[in-house]
Structures are given as structure tokens and as C-alpha cells.
Amino acid sequence: MKVFPSWSGERSLQVAVGLRDWLGHWFKDLDCWVSEKDIHAGERWAEVLASQLHATDFAILCIAEETLEKPWILFEAGAISKAVGKTSRVIPYLLFGLGHDELPEPLRQFQSVSADREGSFKLIQSVNDVRSDKQNDDLLKETFVERWPDLDAVLTRAGDTAVEPWRSLFVSEFPRNDYDQHLANAKEVWLVGVSLENTLRSNTDAWKDRLRNQVKLRVLLADPDPSVIEHAVLRKSSREVIDSGLMLKSAEIKASVDSLREIREVLGGKGQAGTQHKEQLQIRTTRYPLAYGAHAMDPNESCGVLYIKFYPYQIQNEQKPKLVLRANRDREYKWFLRELDNLFSKAGEEIDLDKFSA
């Protein structure tokens, strides 16, 4: 029987590891797997996690207040709920006084227990119910009374650990000074968006200076094919105005191409001619229906920063959610970076700006 304690954050990790050891000593037939401890060097994290989720019989989500806005534990909860069968269970284990009503969806759909003596016994009962070789109630209670102090000590130590900063991943606005500083210091910049017209038009001189300083610039625009642009237009406009929306978005892409031609002039070459152009300025188009724009500064360095702006579906005149992720701080950074890298790798060949027509 496979048990998967899921965690996000230092205190949550301590409890997940403690549960793995505690349950493993109690039920010898359990295979308890914790991602931080049981993924060996060189293994692909996402692939290993997916295989473990698929084989999970019982998932324990170790949740503290500071983990609630961490996307990974929500991802694992959703993946587990899809992967497990009807006989399997998912139980949020609520740490340090967290209440069930404080859980967001999809976590609230699961029956939770508190990480105290009573709730922990309910957890053990649920684990025991799923096992093929169940212990009788009297033996279960007797063993729990004997072994509860060990788990209680784990919970106490975790509770005494300094809480990591609990911050919302979303920000209302990008911090302009930070953005300007990151852009000024970056040696490589990725720009991803449907048209990027505002970004390129308002910063043309800045991009020229960046290229003069040998900065690498990687640009991904939407393919100007009407079927591709239609996806972007319909995200904020009804089908009744699709024709005018297509014309406007096509004009924005054309303006971006004009800006890119101007920016490219600092390299002293046209089209795809010249090694310098190929190394410093890469421009491609994608047919993927982008629902966000992204700027990545030094994406593959430890100092990397990723700015992402999301575009809700047909929601107008409201603040669009934004993310600022750092390579040395946010676990989610690598996930989004892989997404952007995949978009570039699956895009078409580098476009010839002199022949490109929007």
C-alpha cells in the first residue's frame, strides 16, 4: 500500500517526513513516499512525482497557513484526486490550528482532520481502513496511545520552527524600480506575448541599448494567421466584433515587427544574415493560444526573475493578475520557465523581418 504525504514549506515538510517515519514503523506494509527525501539525484522530478501520484492509495496533505497559496500543493491535490481510484483517499492534515473553512478549492472537497491527538487518531483509522490487513480497533487504539508522543514531538518541533514569509504569489502591479534594475543588469531577456506592441514600442531605445551592450534578446509573438489571432481576440471580445478585433491585433503585431526591425538595425545586419544577429536577436512566432505575457531576465541564472501577466477570459476593466517569480526563491519559477522554453522550442523557424507580413 502506497501512502503519499504531500508538503509545501519547511514546517509542512518536517511533518511530512515525520509522518513517513511514524507510519512506516507502525504499518510494515506501507510504502511512504515524500518527494523531498525519496527522489534520487538525477531523476526527473515531474516524471517521478507523476508516477508516484498514479500509484498512490492514500494521500496526506500536510497543510499549514503559509502553504495555502503555494501552487504545488494545489497541483498535487488536483493530480491525486484525478489519479486515485474510488477505494483511495485524500485527507488534508491541518497543521497548527488551521481550520477546514480556511482551505481553498480543490482542497475543501476532501474530509480534513486536525493535526492534534484526536485528528491524528482519525487519520490512523482512515489509513487502517484502506489496508488489506487491517488491525482491530482495540489494537489500533493501544498502539496509538503508545506511539502518539513520537508524532506529537514532531508536530511540536515543526510548530516551533520560524515561519517562512507567507506572501501572495500575485501582485497588483510589477514593482517598476525592480523591473528597470533587472532589465538594466540582465545579459539575456525573453519576451513572450501575443503582440508585445506596448512593450516594444515604449522601450525601443532601451532594447537598442541592451543589444549594443551584447545582451541576448529572445522574442516570441503570436503567428499573424487569423485563426491564431482569433483566440487572443475572443479572450476579451465577443464574436460579434471579431472582425474589428482581428484588424486591431494584426496591426499591433505589424507595429511590433516594425519596432523589431528598428531594434535590429543596431546589429548592422538584415534578416537572418550575420552571426551576431543570430546570437543576439531571435524572433519567432507561435500558434499556441497565449493567455499571458512574460518577460524573463537572465532566465537560466540563479539571479533570474520572471514577470508574468495573465489575461482573463472576457473580463474587462479589472486588474489583471501578475506574478513575479525569482529563481533563487520560488519553486514555481522552474515550472513556468520550462513552459516558456517549450513554447520557444516548438515555435517555427526564426522569422525574416524583411519578408514578414502581418
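Contact here means heavy atoms within 4.5 Å. With that in hand, let's look at this chain. It's a predicted model, so local features need pLDDT of at least 70, side-chain atom pairs count only at pLDDT 80 or more, and totals for chains, interfaces and linings use all residues. Residues are numbered from 1 along each chain as its sequence is written, and side-chain values use heavy atoms, leaving out hydrogens and water.

**The chain overall**

- You'll find 13 helices and twelve strands in the chain; these are DSSP runs numbered from the N terminus, with helices being H or I of at least four residues and strands E of at least two.
- Of the 358 residues, 48% are buried, meaning under 20% relative accessible area with a 1.4 Å probe, counting protein chains only.
- Among contacts with a separation of 6 or more, 73% join residues 24 or more positions apart.
- The accessible surface comes to about 18,400 Å², and carbon and sulfur atoms hold 47% of that (Shrake-Rupley method, 1.4 Å probe).

**The open sheet**

- Five strands line up in the order S2-S1-S3-S4-S5, with parallel pairing, to form an open sheet; two strands pair if DSSP finds at least two bridges between them.
- Strand S2 (31-32) and strand S5 (113-114) sit at the edges with a single partner strand each, so one side of each has no neighbour in the sheet.
- Strand S4 (residues 89-94) pairs with S5 over two bridges, in the parallel sense, and Leu 94 stands opposite Ser 114 in S5.
- Helix H1 (residues 10-26) lies across strand S1 (2-6), S2, strand S3 (58-63) and S4, and runs at about 145° to S3 (axes are lines fitted to C-alpha atoms, for helices over the stretch in contact, with angles from 0 to 180 degrees between N-to-C directions).

**The nonpolar cores**

- A nonpolar core is a set of buried Ala, Val, Leu, Ile, Met, Phe, Trp, Tyr and Cys residues joined through side-chain atoms within 4.5 Å.
- The largest one has 34 residues, and Leu 19, Leu 23, Ile 60 and Tyr 93 have the most contacts inside it.
- H1, S3, S4, helix H5 (117-130) and helix H6 (137-160) each give this core two or more residues, with H1 giving the most, at eight.
- A second, separate core has 28 residues, including Ala 232, Leu 246, Tyr 292 and Phe 344.

**A closer look at Arg 11**

- Arg 11 belongs to helix H1 and is buried, with a relative accessible area of 10%.
- Leaving aside residues up to four places away in sequence, Arg 11 touches Ala 64, Glu 66, Phe 96, Ala 158, Gly 159, Thr 161 and Val 163.

Technical notes: Buried means under 20% relative accessible area, exposed over 50%, partly exposed in between (1.4 Å probe, protein chains only).
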